[in-house]
Structures are given as structure tokens and as C-alpha cells.
Amino acid sequence: MKFMKLGSRPDTFYTAEAVRCVSSEVSSDLIIQVKGSRYLLHKFPLLSKCLRLQQLCSESSETSQHPIVQLPDFPGGIEAFELCAKFCYGITITLSAYNIVAARCAAEYLQMIEDVEKGNLIYKLEVFFNSCILNGWRDSIVCLQTTKAFPLWSEDLGITSRCIEAIASRVLTHPSKVSLSHSHSRRVRDDISCDGGEIQRHRPTTSGWWAEDMAELGIDLYWRTMIAIKSAGKMPSSLIGEALQVYASRWLPNISRERNGHKQVESDSDSDSGNEVTSKHRLLLESIVSLLPAEKGAVSCSFLLKLLKAANILGASSSSKMELARRVGFQLEEARVSDLLIPSLSYSSDTLYDVDIVLSILEQFMLQGQSPPTSPPRSKLEFERRRSRSAENIDFEFQESRRSSSASHSSKLKVAKLVDGYLQEIARDVNLPLSKFIAIAETIPDFSRLVHDDLYRAIDIYLKAHPDLNKSERKRLCRILDCKKLSVEACMHAAQNEKLPLRVVVQVLFFEQARAAMAGGKVTDLPNNIKALLAAHGIDPSRPAAPLSTTTSVQAEDQWSVSGLKSPKSKLSTLRMKLDEDDLDDIDINPDGIARRSKFKAFCALPSRPKKMFSKLLSINRNTNEKN
């Protein structure tokens with residue numbers, strides 16, 4: 001770190017009876033009061049360099065032999081005043097990035113300008129500041145930090161803005177061209193004279209070398225510095241994102257751990273201090289959100305979701321939450337289930353997790369997949385010009401469009417697995433409304449779920465956690481399930497699941513018996529009308545059943561027990577038990593209030609020939625098991 005020494009005389013200041021004096025043969029003739037401390041000094045050395053002291057002494061009583069000058073609002077306190085006083089006496093003082101701001105504010109207060117005396121303190125401080133402090137990376141960081149103690153003075157004197165400009169210019173310079181001392185975060189001091197040669201220490205030429213040092217700044221100064229860096233337009237958005245992650249990890253540690261706990265009640269003694277800390281963290285988080293680069297992928301989806309979780313806990317503004325939700329939606333395929341488990345601290349909801357914000361994220365994700373609006377018709381000249389392009393360019397654009405479409409489709413497949421895993425976690429919440437569970441499940445298009453095993457597992461967990469659901473609610477819940485997309489193991493579990501509605505069990509048994517007959521080599525024994533019925537439901541006899549998905553971990557009580565499920569008696573007993581439930585829900589009510597006949601009732605009302613077909617289908621599997 002660079003420093004400057006002024007003066008050559010030894011320090012002769014001493015304290016006597018709580019009064020600071022100067023050892024001299026001449027008696028003191030000036031008393032200065034600085035924030036409770038009294039100084040017995042001499043007029044000549046001080047008044048010859050300080051215009052303000054000249055004015056104050058002239059205003060005091062001329063008859064008084066020892067005028068008392070009051071300086072109650074002196075910037076920098078007694079330390080800064082003594083620096084200026086020692087300079088007036090010619091006593092050696094040492095200036096560095098740690099005290100130059102205080103000295104500069106004090107000199108400005110005392111008006112130690114060139115009009116009073118050539119080579120006065122303000123001039124010397126400005127030369128040192130511009131030539132040494134602003135040209136050093138660590139010195140600029142330290143100097144900018146010290147401006148927090150004198151915000152108004154530093155702004156008026158241009159110290160803050162000049163430090164920010166110097167830091168931004170260093171960040172935008174290639175690391176190999178920047179002379180750096182040891183990392184500021186390591187607090188290693190290198191005392192190097194300003195007019196002497198600085199020992200150059202080059203930090204490794206990593207792209208984000210500046211992020212850790214800048215993380216020491218307060219949020220207000222950090223925000224202004226980052227704005228200066230971003231406005232230059234030379235810094236890649238990924239590096240800005242990395243710097244913001246470093247800063248957030250430095251100033252937002254374990255927010256979820258410290259303040260987690262739903263609607264926790266704080267004591268009156270801790271409420272004021274807790275609210276103050278929360279307000280600071282909230283301001284910090286909202287400032288970080290405002291600095292996020294606009295480009296997709298500049299920061300990780302996990303980092304965005306951590307910010308969103310902290311925003312929920314700290315009670316950040318709704319605009320900040322929606323901005324984070326929008327950004328998460330653009331790269332949701334990178335998220336994990338644990339990242340989406342955002343605690344709900346709303347007093348209007350008793351749910352464990354904030355489902356509404358996840359719904360907003362999913363809506364943003366689906367919006368980005370929509371095709372752009374149709375372009376207006378092109379003119380004939382433009383059409384001819386487009387036709388004149390080479391076949392290679394047309395083929396390249398075609399391949400690019402296919403690649404983009406494939407990437408969008410693959411991201412939807414990933415998000416579908418993510419949503420099903422998320423549903424399994426929130427399904428255990430006894431306070432989760434059925435409407436929100438269904439809303440989350442229906443945000444993903446049907447083609448994104450190749451297999452419905454994870455969705456069925458989530459439904460099964462929800463039914464276990466909500467045993468009080470009536471039959472209409474259970475039917476409404478199971479409408480989101482496609483039995484044709486269940487694996488064999490899932491079908492065997494669903495066939496004896498007593499919590500499922502009857503129509504679901506019938507569908508599962510139908511498709512499972514058909515697949516079992518096909519797998520047993522009895523496809524040729526099926527009548528043509530049954531084959532046609534299977535084909536109408538999209539079942540390909542030549543296609544093997546999809547394997548069971550294992551995208552998420554499931555608790556032991558939610559594991560599927562398949563022992564004994566291969567026995568047709570267990571399936572038939574489940575079916576008989578289902579048939580014993582009142583009158584099989586003869587009438588369903590549409591959301592618009594119009595009554596319609598139950599699908600199962602319509603199935604039962606089929607002519608005798610289709611009924612015999614279904615009975616034959618059940619008997620085929622029964623004969624197969626008896627032979628085995």
C-alpha cells in the first residue's frame with residue numbers, strides 16, 4: 001500500500017490534564033475546542049495556513065488574550081484535526097488510503113487552500129490522491145470504503161465518484177496489464193513509498209479476479225460501482241453474474257437458516273434489532289436483483305431460486321419477487337426439486353411452501369415456449385431475394401430451427417420430471433388445497449410426460465395425506481392421470497389402491513390385462529374388436545412397457561409394495577370392493593354446473609357384446625396365471 005510523509009519535525013504534542021498541548025518555548029495563545037477535546041496551540045502556525053481559523057479569530061473578542069474557537073462539527077474528529085495541526089507546525093505526518101479522506105475533509109473545513117499559502121495541505125493531498133491512490137487497486141478500494149464515514153463531504157469533494165471511476169477502469173482492464181498488490185481480502189499490507197518503486201505482484205489472470213475484493217464494499221457503493229462497470233458495456237454478463245454471487249454469499253449468509261420458521265414470534269426486546277437487520281438485508285437483496293444481467297444464463301438457476309427464497313423470508317417487494325420468478329422461468333430446466341421448496345411465510349396461507357410463486361415460475365416457463373406471432377406477408381421483391389439465397393444457407397437455417405425446437409422440447413421433458421418431483425414433496429402438506437395441486441400438475445402439457453409413474457406417486461401421496469377427500473374430489477384429482485402411460489409396476493399398485501376412484505381402477509385393470517395378455521404371447525388370441533379398442537386408446541402391442549421412473553427419492557411409507565399384486569384375485573377383490581361403494585357416482589357435475597352421466601355408467605351401459613369382450617379379456621389373464 002502506498003503512503004506519503006509530510007513534514008520533518010518530531011512529534012511534540014502531549015496531553016496534560018486532559019488538554020492537548022505542544023511543547024514550545026512560546027506560550028500558547030489560542031484555545032480550540034474539537035468535539036469535547038481542548039487544544040492549547042499558537043496562532044501564527046495555524047492562522048497562516050487556515051483561512052477558517054483566521055475568520056473565527058477575527059470574530060472573537062479582541063480584548064481576550066486567549067480566544068476560544070469552537071469546532072463542534074469538525075469532520076474526522078480529533079484525529080483529523082491533529083493531522084492538520086501537525087502539518088501547520090511542520091511535524092511529520094503519514095498519509096495513506098486509510099486516512100486521506102478524513103484529512104481531505106478536515107483540510108477543506110479549515111480552508112487550507114493555495115490562496116492562503118502556496119503548497120498548502122489541500123494541494124498536497126490532491127496530488128497524492130490523483131497520482132498514487134487512484135492508480136492503485138487496493139488503495140482505491142480502501143479509500144472508497146472510508147468515504148462511508150463522510151458521505152456528504154466525500155460527494156461534494158468528488159472523492160467517491162473518482163474512486164468508483166478508478167475501480168471500474170481497473171476492472172475493465174485486462175488483468176495481465178494491471179499491477180496489483182496482495183488481495184485486499186487477505187489484509188496484507190505492503191508499505192511502499194509513493195515516490196519509490198512499487199513491488200508489482202500480479203494476481204492470477206482469472207476473469208473474475210476483482211469480485212472478491214469488491215465484495216468488501218457496502219451495498220450502496222457496490223451498487224454504484226457495478227453500475228459503472230455495466231454501463232461501459234465491455235464486461236461479459238457471466239462475469240457480472242459471478243461477481244453478484246460472490247457478493248451475495250458474502251452478505252447474505254444462511255438467510256433461510258437464520259430466519260426460517262413459519263410465522264415465528266419474536267420477543268419485544270429483539271424485535272427492533274431484528275427488524276433493522278431484516279431491512280438491511282431486504283435492501284441488499286433488492287439491490288442485487290436490480291443488478292442482475294438481462295441475458296439468460298448469466299447466473300445459475302439455483303442462485304436465482306436462493307435469492308427468491310431469501311426474498312420470501314425477508315419480505316422483499318412483489319416486483320423483486322416477480323422479476324426473480326420471471327428469470328427462473330427462463331432457465332427452469334436447470335433447477336432441482338429442493339430449490340423449488342420455497343417456505344411460505346404468508347399469514348393468509350397455512351401451506352408449508354409457497355405454491356403460488358412456483359405457479360408463476362411455471363407460467364413464465366411456458367410463455368417462453370410459445371411460438372412468435374406470424375410475420376406480415378413479404379413483398380414480391382423480398383420473396384425473390386429470399387429465393388436467390390443458396391441452398392446451403394437454407395439448409396443451415398432449417399437445421400438451426402430444428403435444433404432450437406428440439407432444445408425447447410427437451411427442456412419441457414426435464415421440467416415435467418421436475419414438476420412431478422415437486423408435487424411429491426408438497427403432496428405431504430395437509431394444508432395444501434386440491435386446486436393448487438391440480439393447477440401445478442396441469443401447467444405442464446401432456447406430451448411432456450412420457451411416463452405418468454411420478455405423477456401417480458404424487459397423487460398417491462396426496463391421497464394418503466388427505467384421507468378426508470370425498471369421491472368427487474378424488475375423481476377430480478385423478479383426471480390428470482393417464483393410465484395408458486403407467487408402467488406395469490405402477491399399474492399393479494394402482495389396481496389394488498383402495499383410495500383411487502372406481503373408474504381409475506377399471507381403466508388400470510383394462511390396460512394392464514391387455515398388456516399382460518400381449519406379454520404372455522396371447523396377442524393373436526385377442527379378438528379383432530379388442531385390438532381395435534386398444535389401438536383407439538393409443539396402445540401399440542409391439543411396444544414394451546416403459547420402465548418405472550426413479551427421478552425422486554421417496555420415503556419408506558410411500559414406496560409401492562408389489563408383493564401379492566400379481567395374483568388376479570387381489571385385483572378382482574379390489575374391484576368388487578370398489579363396486580360396493582354406493583351407486584358408483586351416477587352423476588358428475590361439470591365445472592359449469594351441467595350434469596352429465598358417469599363414464600363408468602356409460603361403460604356399464606354398453607351392449608352385451610362389448611361386455612363379453614371385457615370379460616374375455618379378464619379370463620385370458622386368469623387362464624394364463626392358472627397355467628403358470
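At 78% relative accessibility, glutamate 17 counts as exposed, and this residue of the predicted model sits in the loop that joins strand E2 (13-16) to strand E3 (19-22). With a relative accessibility of 22%, glutamine 111 counts as partly exposed, because the partly exposed class begins where the buried class, under 20%, ends.

A further loop residue, proline 501, lies between helix H23 (488-495) and helix H24 (502-519). Proline 501 has a relative accessible area of 5% and is therefore buried. In space, the C-alpha of proline 501 is 8.8 Å from that of serine 472, a residue 29 positions away in sequence.

| Residue | Relative accessibility | Class |
|---|---|---|
| Glutamate 17 | 78% | exposed |
| Glutamine 111 | 22% | partly exposed |
| Proline 501 | 5% | buried |

Turning to the chain as a whole, the model contains 28 helices and ten strands, and of its 628 residues 45% count as buried. Among the contacts in the chain with a separation of 6 or more, 74% are made by residues 24 or more positions apart.

The largest nonpolar core holds 154 residues, and the members that touch the most other members are Ile32, Met112, Trp210, Met214, Met226, Leu332 and Phe437. One of these, methionine 226, can be followed in detail: when its neighbours within four places in sequence are left aside, methionine 226 is in contact with Trp210, Met214, Ile240, Ala243, Leu244 and Leu291.

Two helix pairs illustrate the packing. Two packed helices are described by the angle between their axes and the distance between the axes. For helix H5 (residues 121-133) and helix H8 (residues 159-172), the angle is about 20° and the axes are 11 Å apart. H5 is therefore roughly parallel to H8, as angles under 35 degrees are counted in that class. The crossing in which H5 passes H8 is right-handed. On the H5 side, Glu126, Phe129 and Asn130 take part in the contact, and they meet Ile159, Arg162 and Cys163 in H8. By class, the residues of this contact of H5 with H8 comprise three nonpolar, one polar and two charged.

In the second pair, the axes of helix H17 (residues 355-368) and helix H20 (residues 434-442) come within 10 Å of one another and cross at roughly 20°. That angle makes H17 roughly parallel to H20. The crossing in which H17 passes H20 is left-handed, whereas that of H5 with H8 is right-handed. Val355, Asp356, Val358, Leu359 and Leu362 in H17 face a set in H20 made up of Lys436, Ala439 and Ile440, with which they are in contact. This contact of H17 with H20 has six nonpolar and two charged residues, and no polar ones.

Key. Residues are numbered from 1 along each chain as its sequence is written. This is a predicted model: local features need pLDDT of at least 70, side-chain atom pairs count only at pLDDT 80 or more; totals for chains, interfaces and linings use all residues. Side-chain values use heavy atoms; hydrogens and water are left out. Axes are lines fitted to C-alpha atoms, for helices over the stretch in contact, and angles run from 0 to 180 degrees between N-to-C directions. Helices (H or I, at least four residues) and strands (E, at least two) are DSSP runs, numbered from the N terminus. Angles under 35 degrees count as roughly parallel, over 145 as roughly antiparallel, 65 to 115 as roughly perpendicular and the rest as oblique. A crossing is left-handed if the near helix is turned anticlockwise from the far one by less than a right angle, and right-handed if clockwise. Contact means heavy atoms within 4.5 Å. Ala, Val, Leu, Ile, Met, Phe, Trp, Tyr, Cys and Pro count as nonpolar, Asp, Glu, Lys and Arg as charged, and the others, Gly among them, as polar. A nonpolar core is a set of buried Ala, Val, Leu, Ile, Met, Phe, Trp, Tyr and Cys residues joined through side-chain atoms within 4.5 Å. Buried means under 20% relative accessible area, exposed over 50%, partly exposed in between (1.4 Å probe, protein chains only).
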